[in-house]
Amino acid sequence: MKAIRNYVDKIKPNFEKGGKLESFNSFFDAIETFLFVPNKVSKNGVHVHDPIDLKRTMIIVIVALIPSILFGAWNVGYQNALAYGLDRTLLENFWVGMIKLLPIIIVSYGVGLGIEIIMAQKRGHEVNEGFFVSGMLIPLIVPINIPLWMLALAVAFAVVFGKEVFGGTGYNIMNVALVARAFLFFAYPGQMSGDSVWVLNLKDQPMVDGFSGATPLALLNQTGTMPSASLADMFFGFIPGSVGETSVLAILIGAAILIFTGVGSWKIMLSTVLGALGMGYIFNLFGINAYMGINPVYHLVMGGLMFGAVFMATDPVTATSTEKGKWIYGAMIGILVVLIRVVNPAYPEGTMLAILLMNVWAPLIDYYVVESNVKKRLKRIAVK
Amino acid sequence: MSLFSKKNIELLKKPLNLDNPVTIQVLGICSALAVTVKLKPALVMGLSVMVVTAFSNLVISLMRNSIPPRIRIIVQLVVVATMVILVDQLLRAFVYDVSKQLSVYVGLIITNCIIMGRLEAYAMANKPWPSFLDGIGNGIGYAVILVAVAFMRELFGSGTLFGYKVLPKALFDAGYINNGMMIMPTMALILVGVIIWIQKSYNKELIDKD
């Protein structure tokens with residue numbers, strides 16, 4: 001640790017004003033503050049700072065994502081082995097998935113951080129660490145077969161139009177990772193939905209007869225029949241789907257980390273789940289078609305609802321910030337997810353759209369929560 | 001006064017950049033989103049609006065001293081509507097396929113804010129010739145933005161320009177796919193935004209101070 005500190009201090013003058021590598025100042029600053037908590041002292045205003053700054057917070061989210069990443073990598077290999085009738089060990093499956101997943105992660109980070117560094121340098125800011133989490137979330141919510149150029153384009157679009165035009169990290173109104181996914185979803189629907197995109201395909205081999213790469217959600221949406229996978233399979237995540245979202249167990253471990261460290265809001269997670277369950281029960285009461293009649297618990301384990309609820313709805317920048325607002329925001333996400341899934345035949349999955357929609361509504365919810373509080377307190381004065 | 005004095009040239013030049021009807025005055029956005037999927041309809045639409053704006057300006061400017069102020073909007077509408085019907089008939093006669101693609105949007109030129117805006121702001125108070133030039137200038141300013149947006153949308157959304165395939169087949173074989181988002185009006189709005197962004201970063205005086 002000491003050696004790194006000494007080395008960083010030694011090369012620092014090169015990057016400061018007038019140094020040889022001045023134009024890489026933002027990049028250097030990003031690395032330095034990533035490695036060490038910055039020892040900057042405030043000159044006015046508040047002098048006591050929490051040592052857990054934005055970078056440290058973001059790293060906790062990455063740690064919480066690790067179970068999903070590891071399981072996702074294994075599941076890519078596992079689904080691939082199932083589809084082609086291959087006999088592989090657990091480690092081989094993991095290896096196959098990891099080799100396919102790594103380039104996606106590298107492209108996501110490379111493009112996103114590249115744009116951030118250029119923007120920061122141009123505007124004279126330090127590099128914001130907001131993309132650390134987005135860059136890891138994006139690979140986890142796309143199909144494994146996504147072409148890398150498409151991903152690069154989507155990441156560039158999301159960082160520029162989802163974040164930088166609003167002023168950078170902390171000013172974006174919509175979740176950056178979901179903007180990237182929405183871009184892919186609308187621009188290249190053929191690569192983002194259907195039966196063949198979710199399972200890593202080997203070009204030169206035929207699939208096993210009778211194997212369907214459709215996700216349980218797609219099956220329900222298209223045919224109205226219950227998927228063959230059992231509830232336990234879906235809970236543990238042995239089903240086709242986007243890389244990180246299949247295993248509810250891995251997501252729950254992440255959720256525990258987020259809640260324990262106080263980084264993610266348990267209110268949003270819980271209210272999203274309750275909202276989805278509630279809407280599921282309401283549809284059960286009607287029960288017009290098979291989809292409306294399914295057990296609401298299925299909504300929780302299929303598709304990206306849990307992943308979205310834990311890692312995306314809780315994004316502190318785009319979620320509501322009042323406590324009462326969090327309940328409303330989460331519940332509305334849950335309700336909308338199930339509503340879109342069941343009622344809209346064009347979109348088998350509603351998590352992305354529901355969260356993006358509620359991101360836009362979040363400031364309004366906050367505004368009315370604050371207003372109602374002001375009104376309540378004014379009334380108290382009036383009575384006296 | 002000569003026909004193309006410095007002041008008159010300025011009438012033609014200003015709407016192209018510093019006073020562009022779409023990007024600076026933010027008028028006529030609706031049709032800019034609707035007709036810019038392909039280049040050809042966008043170009044025809046731009047030309048139609050230019051003709052209508054120019055001749056409505058001319059006619060209203062000729063009549064400006066005899067129009068009672070209280071019914072001026074009605075008079076303006078009658079003139080604009082006449083021009084639009086003429087343009088519509090011409091389009092049907094000579095470019096029927098484009099006319100069908102544009103469908104209601106030719107008729108909706110009547111409600112295009114640029115035209116009413118120029119009539120109220122310029123033609124009602126100026127001589128016929130400058131008014132005509134003002135109409136031409138604003139029409140070109142509108143058409144330029146439409147063509148620029150349509151160029152990007154057709155190139156990346158369909159891989160064609162004026163209906164001809166311009167992207168090489170090798171690109172598609174290598175895995176390139178047309179961007180479906182470009183076909184949607186959403187992307188037209190974002191592209192107009194990008195044009196405003198570029199324009200304002202070149203012309204610093206256009207940036208709002210607050």
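Please keep in mind that the model is predicted.

**Chain B as a whole**

Chain B contains 10 helices and two strands. Following the sequence, the order is α-α-α-α-α-α-α-α-β-β-α-α, with the two strands set between helices. A compact globule of 210 residues would have a radius of gyration near 17 Å, and the 19 Å of chain B agrees with that. The table gathers some overall values for this chain.

| Property of chain B | Value |
|---|---|
| Box filled by the C-alpha atoms, along the principal axes | roughly 65 × 45 × 35 Å |
| Share of the 210 residues that are buried | 37% |
| Share of contacts with a separation of 6 or more that join residues 24 or more positions apart | 79% |

Leaving aside residues up to four places away in sequence, Ala180(A) touches Ile138(A), Ala154(A), Val155(A), Phe157(A) and Ala158(A).

**Where the chains meet**

How many residues does each chain bring to the contact? Chain A supplies seven residues, and chain B supplies seven residues. On the side of chain A that touches chain B, helix α7 (residues 176–187) gives the most, with three residues. By class, that side of chain A has seven nonpolar residues, with no polar and no charged ones.

Note on methods: Residues numbered from 1 in each chain as written. Chains lettered and ligands numbered in written order. Predicted model: local features only at pLDDT ≥ 70, side-chain atom pairs only at ≥ 80, totals over all residues. Helix = DSSP H or I, 4+ residues; strand = E, 2+ residues; numbered from the N terminus. Rg over C-alpha atoms; globule rule 2.2 N^0.38 Å. Buried ≥ 20, exposed ≤ 12 C-beta atoms within 10 Å, placed from the backbone. Contact = placed C-beta atoms within 7 Å. Nonpolar A, V, L, I, M, F, W, Y, C, P; charged D, E, K, R; others polar.
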